Each structure stands twice: as structure tokens, then as C-alpha cells.
Amino acid sequence: MMNMNRRQLLAGMGGLAAASMISLPARAQSKTLVVPTLGGAWEQFWRSTLAPAFTAKSGAAVTLDAGNGRVWSANLRAAGAQNPPYSILMTNEAFASSLRKEGFFEKLDLTKLSNYNDLYPLAKKTDGWGAVAMVSPIGIAYRTDMVKTPPKGWKDLWDNPEFKGRIGLYNFANTAGKMELMLASKIFGKDQYDIDAGFKALEKLGPVIQADFNLSTGIAAGEFVVAPFDFGEVARLRSQGLPIDVVVPEEGMLMFDQTLNILAHAPEKELAYQYADFLLSPEGQIPLMKQFFVSPTNSKVVVPADLQKDVPISGEAMDKILTWDWNFMNQKQAEFSETWAKVMR
């Protein structure tokens with residue numbers, strides 16, 4: 001695995017990487033599935049492990065298209081819903097929900113997804129339009145050498161005086177920043193839609209250190225001592241010797257999700273369903289868990305004892321992950337972005 005953390009990898013994904021063909025048996029040359037994938041170590045893992053495994057299973061070629069949700073959304077809109085460059089798209093639900101409303105995706109044919117019924121409830125929150133294949137739960141990370149009283153919940157960011165001026169947050173451009181706003185609205189207002197209450201609460205935090213993709217550099221340098229972090233990233237930082245730990249907040253966890261969506265006018269729809277079912281199966285989920293410390297969304301996958309420290313969220317703990325109304329957020333995000341820029345200084 002590359003000596004780069006998850007957020008650093010994501011930061012380098014603004015441009016579209018050159019597509020690359022996986023070597024194939026001769027029988028498969030007539031069938032090719034274009035697979036959008038994250039860049040850096042994610043693309044390398046798809047190239048070395050997941051794509052060859054799918055090729056061996058399906059006999060189809062795989063072309064990798066490295067980027068991120070912003071890039072893929074732009075590519076789809078440029079091509080139009082009738083002529084998409086992809087047959088399947090795995091991306092954050094924040095992006096998927098917008099594309100879904102624009103008519104790019106079809107409702108899943110569940111008869112073609114044998115593993116769908118084994119998914120945890122949070123992986124089936126889109127009423128059959130998508131299926132979450134990967135979850136990176138987000139808790140509250142803190143520097144164990146710089147914090148006397150570890151946090152127990154999100155409210156401690158406001159209530160613990162030793163955190164004042166020493167908090168890191170994702171900015172609004174990141175999906176986690178939008179989740180931070182809805183979380184503050186839920187905790188300090190009536191619900192996730194009480195955005196005025198959320199902004200008032202965030203303003204009371206005072207100065208915070210913001211980042212788009214990478215909070216790891218700041219906490220490693222001691223620029224802040226507490227921040228929302230996904231458990232896999234904490235595992236990587238801990239393995240590098242950083243004195244850091246992460247807790248499950250009393251109010252619930254956030255998450256980085258990756259939702260599988262089938263294009264309504266997919267050029268290779270049958271292959272897309274085969275690939276989706278492969279990623280939702282234990283065969284696809286276990287390698288991802290071992291490589292990136294993501295929590296499996298297939299309930300049949302058991303986290304082995306030697307991984308439970310790095311992948312602590314599975315089974316009943318998955319119910320502690322909060323989900324959000326991304327249609328609401330996407331409709332209002334331009335307005336909210338302007339307010340965030342004024343409030344979060």
C-alpha cells in the first residue's frame with residue numbers, strides 16, 4: 001500500500017487519469033466494462049486485485065477511469081443521460097442523489113443482485129435506486145498526548161474548554177462539511193433541516209481549522225487536537241506512530257459512503273449488474289475491508305479478530321451511523337455555501 005493517507009490520495013484526484021486495460025483471456029476481448037474508481041492507492045488496488053478478480057469471474061475486460069464524484073458527474077452531464085460513458089457508477093450518495101434526479105440512473109433490478117438482501121439497512125436507504133458497497137464510518141478523533149479529557153460526543157466540541165480554538169473540520173466543499181452542518185442542525189435544532197440553528201451552533205465554535213480533503217496533516221502537526229475522522233484513516237495514522245484515538249459519538253457517527261448506481265442507458269448493463277453484485281458479495285467486500293479498513297455493508301461478512309481494532313464498526317454498531325437527506329442539501333447547497341463562508345472564519 002502506498003505511503004499516503006486516504007485524504008491525500010483523494011486530494012490528487014481532480015483530473016481524469018488515463019484509462020488502463022486489464023489483461024484478459026482471449027475469450028473476453030469482446031466485452032468491456034468501464035469502471036470509475038478513485039485514484040492513487042484505490043486505482044492501484046482495483047488494477048491489481050479487484051478488476052482481475054471480476055475478469056476471472058465474468059470473462060469481461062475492465063477499463064479503469066480514475067477520478068472522483070465531481071469529475072464523473074461532469075463527464076455524465078457532458079455526455080447526457082442517453083449516451084453515458086459508464087454503465088455503473090460508485091460514488092458518494094451526495095453526488096448520486098443529484099444524478100438520480102436528473103434521470104441518469106435506473107431503479108435497481110434486484111433479481112440481478114443476489115447479495116442485496118444481505119446488506120445492512122443503511123446500505124438500502126435509497127428505496128431500491130442504489131446500494132451502498134463501502135462505508136467509512138466517521139467518529140471523533142483526538143490526539144491522546146494533547147487531550148486530557150477525551151470526547152464522548154459531538155457536543156463536547158462545544159462544551160470541552162480545552163478544545164476551544166483547537167478543532168479541525170471539513171469545509172463545506174467536502175460532503176463531510178455538509179454532514180457537519182446537518183449534524184449541528186439536528187443536535188442544536190429541531191432536526192437536520194433546522195439549518196439556522198446549525199449555523200448558529202457552528203459559529204459558536206469559534207475559529208476552526210478547515211480542510212477540503214486532508215485533515216491528517218493538521219492533526220499530525222498538532223494544528224488542532226480533535227476533529228471528525230473516519231476510522232480507517234485513524235488506523236493508518238496510528239500504524240505510523242501518531243498518538244491518536246477515535247470514539248463513537250453518543251449522538252451517532254457520520255460516514256463516507258460509496259453507492260452503486262446503474263446507468264439507465266448503460267452500454268453494458270448486464271456486466272454492470274454482475275460487477276455490482278460482485279462488489280456487494282463477501283468476495284468483493286473482504287479485500288476492500290482488509291486493504292482500506294472500510295466497514296463491510298454485507299451483513300454476512302465477519303470482521304476477523306486481528307482487524308477488529310482497525311475496523312471496529314460492524315454488526316449492530318452499523319445502526320449508529322446517521323444518514324441524511326441529500327436531496328434537501330443539494331437543492332440548498334449554493335445558499336448554504338455562502339452562509340458557511342460568512343460564519344466559518
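Start by selecting helix 7 and helix 12, whose crossing is right-handed (a crossing is right-handed if the near helix is turned clockwise from the far one by less than a right angle, and left-handed if anticlockwise). What you have open is a predicted model, in which local features need pLDDT of at least 70, side-chain atom pairs count only at pLDDT 80 or more, and totals for chains, interfaces and linings use all residues. Residues are numbered from 1 along each chain as its sequence is written, and side-chain values use heavy atoms, with hydrogens and water left out.

**Stop 1: helix 7 and helix 12**

The two axes come within 12 Å and cross at roughly 30 degrees. Axes here are lines fitted to C-alpha atoms, for helices over the stretch in contact, and angles run from 0 to 180 degrees between N-to-C directions. That makes helix 7 roughly parallel to helix 12 (under 35 degrees is roughly parallel, over 145 roughly antiparallel, 65 to 115 roughly perpendicular and the rest oblique). Helices are DSSP runs of H or I with at least four residues, numbered from the N terminus.

Now show the side chains. Ile195, Phe199, Leu202 and Glu203 of helix 7 meet Phe328, Phe336, Thr339, Trp340 and Val343 of helix 12, where contact means heavy atoms within 4.5 Å.

**Stop 2: an aromatic pair**

The whole structure holds 10 aromatic pairs. Rings of Phe, Tyr and Trp (its six-membered ring) pair if their centres lie within 6.5 Å; planes under 30 degrees apart are stacked, over 60 edge-to-face and the rest tilted. Pick Phe199 and Phe336: this pair is edge-to-face, with 6.4 Å centre to centre and 70 degrees between the planes. Phe199 sits in helix 7 (residues 195-204) and Phe336 in helix 12 (residues 326-343), 137 residues apart.

**Stop 3**

**Stop 4: helix 2 and helix 10**

Next, select helix 2 (residues 41-58) and helix 10 (residues 269-280), whose axes come within 11 Å and cross at roughly 120 degrees. The two are therefore oblique to each other. Including Trp46 and Phe54, residues of helix 2 meet residues of helix 10 such as Tyr275 and Phe278.

**Last stop: confidence**

Colour by pLDDT, the predictor's confidence in each residue, from 0 to 100. The protein's mean is 92, and 91% of its residues reach 70 or more. Over residues 1-29, pLDDT stays under 50. Where pLDDT is low, the predicted coordinates should not be read in detail.
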